[in-house]
Amino acid sequence: MEGSVAALRLASPPSVSPGAMAGARQPQNDGLRSLPLSGHVGFDTLPDQLVNKSIKQGFCFNILCIGETGSGKSTLINSLFNTSIDDPMSTHFHPNVRLKAQRYELHESNVRLKLTVVSTVGFGDQLNKEDSYQPIVNYIDAQFEAYLQEELKIKRSVFNYHDTRIHVCLYIISPTGHSLKTLDLLTMKSLDSKVNIIPIIGKADSISKTELQQFKRKLITELVSNGVQIYQFPTDDEAISQINTIMNGHLPFAVVGSTEEVKIGNKMVKARQYPWGIVQVENENHCDFVKLREMLICTNMEDLIEQTHACHYELYRRCRLQEMGFRDNDPENKPVRKENSVS
């Protein structure tokens, strides 16, 4: 252990005078040497400590489902998490759009997930749809604001704070086979800087495969031409780069949801049964449900959470602090004095 301590001391950077520090910005690795330890210290257990701490604390994941009444929002969530979320049927006679949040605690192995599902009620049902997306924008901003206010407290408890910020928006598009509705374009354009949007074609078994592929290509073309930014699965990690690149090419996902089980051969599978045949939810030849579940939950859930905090929330936070009068530097590029930090 004495050899290890000595090695650690040698690895410390040489002292630098304050004047030298002020004169020029030092390179990040200047004065550092890499030395092997002569004995075991123990900081290689840090990843295990973080994993244990995270498992004990549990995880939060918040999903926003946007879609017209009857588009299959609840069925899709039930299918994704293999559970039964009690969501009564909604009517088409709502005077305005509102959002309904339901919280659940799910357990898989020894991992605890605090799941919040926020779904739209009455979206697209009004004759005047001009402001149908505004309640959704207001809700997302309200969650950002609640987190910001917690951060600004003198005695804050962000570690124990139940994060309600929306991590992903599953935008369900009706399978018309034609083009995006104006309401869909306006809504996604208003949300793309605030949330990770994954477009989904719901009830994809209602149109033929040929029509479906044409519809997919048309949707992507319309999104690009209208400047709508949808979430792209990250390709910078070598471990998942190849699969994420392939999956980006499958967007928007065409899915079929069902909680009913049908016997096929010797096993029971989730499927939708019709007089002309059976559509299996988890059969990749029938729909993209498995692709969506793998990308959303198994592969990229952590990236969705990180993007929400590092990109969307950070943009909201920066704008709000500027509105409050905070700034990093004054016009002469000097640090702002404390008494001038708030206008």
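Trainee: In which loop is Asn-196 found, and does Asn-196 count as buried or exposed?

Mentor: The model is a predicted one. Asn-196 sits in the loop between helix H6 (182–191) and strand E5 (197–201). Buried means under 20% relative accessible area. Because the relative accessibility of Asn-196 is 5%, Asn-196 counts as buried.

Trainee: Which side chain is joined to that of Asn-196 by a polar contact of 3.0 Å?

Mentor: Beyond its neighbours within four places in sequence, Asn-196 is in contact with several residues, including Leu-304, Thr-308 and His-312. A polar atom of the Asn-196 side chain lies 3.2 Å from the backbone oxygen of Leu-304. The side-chain partner at 3.0 Å is His-312.

Trainee: How are the axes of H5 and H10 oriented where they come within 10 Å?

Mentor: Helix H5 (residues 134–152) and helix H10 (residues 301–324) cross at roughly 70°. Angles of 65 to 115 degrees count as roughly perpendicular. Therefore H5 is roughly perpendicular to H10.

Trainee: How do the residues of the contact of H5 with H10 divide?

Mentor: H5 contributes, among others, Asp-141, Phe-144 and Tyr-147, while H10 contributes residues including His-312, Tyr-313 and Arg-317. By class, the contact comprises 8 nonpolar, 4 polar and 5 charged residues.

Trainee: How many residues apart in sequence are the parts that the pair of Tyr-147 and Tyr-313 ties together?

Mentor: Tyr-147 and Tyr-313 are both buried. Their rings form an edge-to-face pair, 5.1 Å centre to centre with 80° between the planes. Since Tyr-147 belongs to helix H5 and Tyr-313 to helix H10, the pair ties together parts whose separation in sequence is 166 residues.

Key:
Residues are numbered from 1 along each chain as its sequence is written. Side-chain values use heavy atoms; hydrogens and water are left out. Axes are lines fitted to C-alpha atoms, for helices over the stretch in contact, and angles run from 0 to 180 degrees between N-to-C directions. Helices (H or I, at least four residues) and strands (E, at least two) are DSSP runs, numbered from the N terminus. Angles under 35 degrees count as roughly parallel, over 145 as roughly antiparallel, 65 to 115 as roughly perpendicular and the rest as oblique. Contact means heavy atoms within 4.5 Å. Ala, Val, Leu, Ile, Met, Phe, Trp, Tyr, Cys and Pro count as nonpolar, Asp, Glu, Lys and Arg as charged, and the others, Gly among them, as polar. Buried means under 20% relative accessible area, exposed over 50%, partly exposed in between (1.4 Å probe, protein chains only). A polar contact is a pair of N or O atoms within 3.5 Å; within protein, one must be able to donate a hydrogen and the other to accept it, and residues adjacent in sequence count only if both atoms are side-chain atoms. Rings of Phe, Tyr and Trp (its six-membered ring) pair if their centres lie within 6.5 Å; planes under 30 degrees apart count as stacked, over 60 as edge-to-face and the rest as tilted.
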